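Student: Hi! Could you walk me through this one?
Tutor: Happy to, let's take a look together.

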Amino acid sequence: MSAMSHEFDLSLATMLPARGEPDARLSEPAALAVQWDAVHEAAAAVAILAQLGEEEVSDAIRTLPERAVAKSGTQLELARRGIDDLAAVMQPGLRALLALTAKGQDTTSAALTLWREFHTARFAVLALVPEE
């Protein structure tokens with residue numbers, strides 16, 4: 001399921017790849033893209049919990065893994081670390097929101113806070129490997 005898809009199961013959005021442990025069967029570009037997509041699936045689930053509309057994902061966002069791999073070196077390593085950091089925040093944050101939702105609690109405010117943090121962090125990661 002792609003991060004750019006319109007429908008998904010909220011519980012699956014917490015299935016981010018293990019931090020710093022890409023699937024050995026995937027090439028580096030593919031592993032980075034899988035994690036980037038997973039982070040965006042988690043963000044889409046948070047957006048639902050925050051009662052926001054679906055985000056329009058730009059080409060600059062969608063192509064970040066490809067650009068980072070093409071740049072290689074420091075830019076690739078910084079982008080990889082940034083994506084790892086996003087995953088490290090989104091996974092437990094979304095799990096906590098889902099746990100509260102399961103108990104019938106309103107998570108709108110907390111989800112909106114996590115959504116804003118995601119956007120701030122994603123902007124920083126995108127700035128590491130700008131489009132040319």
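**Loops and helix packing**

Tutor: Let's start with a loop: Gln-51 is found between α1 and α2. Keep in mind that this is a predicted model.

Student: Okay, what is phi of Gln-51 like?

Tutor: Phi of Gln-51 is positive, about 60°, although the residue is not a glycine.

Student: And is Gln-51 buried or exposed?

Tutor: Gln-51 has 64% relative accessibility, and the cut-off for exposed is over 50%, so Gln-51 counts as exposed.

Student: What about Ser-72, where does that sit?

Tutor: Ser-72 lies in the loop between α3 and α4, just after α3. Its phi is near 55°, a positive value in a residue other than glycine. With 37% relative accessibility, Ser-72 counts as partly exposed.

Student: Let's stay with α3, then. Which residues of α3 are buried?

Tutor: Helix α3 covers residues 64–71, and Leu-64, Pro-65, Arg-67 and Ala-68 are buried there.

Student: Why do those buried residues line one face of the helix?

Tutor: Looking down the axis of α3, the buried residues fall within an arc of 165°, so they line one face. In general, an α-helix has 3.6 residues a turn, so residues three or four places apart point the same way.

Student: And what's on the face turned away from the buried side?

Tutor: That face of α3 carries the exposed residues Glu-66 and Ala-70.

Student: What covers the buried residues of α3?

Tutor: The cover includes α1, α2 (59–62), α4 (73–102) and α5.

Student: How do α1 and α3 pack?

Tutor: They pack at an angle of about 145°, with their axes 9 Å apart. The crossing of α1 and α3 is right-handed. On the α1 side, Pro-29, Leu-32, Ala-33 and Trp-36 make the contact, and on the α3 side Leu-64, Pro-65, Ala-68 and Val-69 do. By class, that contact has 8 nonpolar residues, no polar and no charged ones.

Terms used
Residues numbered from 1 in each chain as written. Predicted model: local features only at pLDDT ≥ 70, side-chain atom pairs only at ≥ 80, totals over all residues. Heavy atoms only, no water. Buried < 20%, exposed > 50% of the residue type's maximum accessible area, 1.4 Å probe, protein only. Helix = DSSP H or I, 4+ residues; strand = E, 2+ residues; numbered from the N terminus. Arc of directions from axis to C-beta. Contact = heavy atoms within 4.5 Å. Axes fitted to C-alpha atoms, helices over the stretch in contact; angles between N-to-C directions. Left-handed = near helix turned anticlockwise from the far one by under 90°. Nonpolar A, V, L, I, M, F, W, Y, C, P; charged D, E, K, R; others polar.
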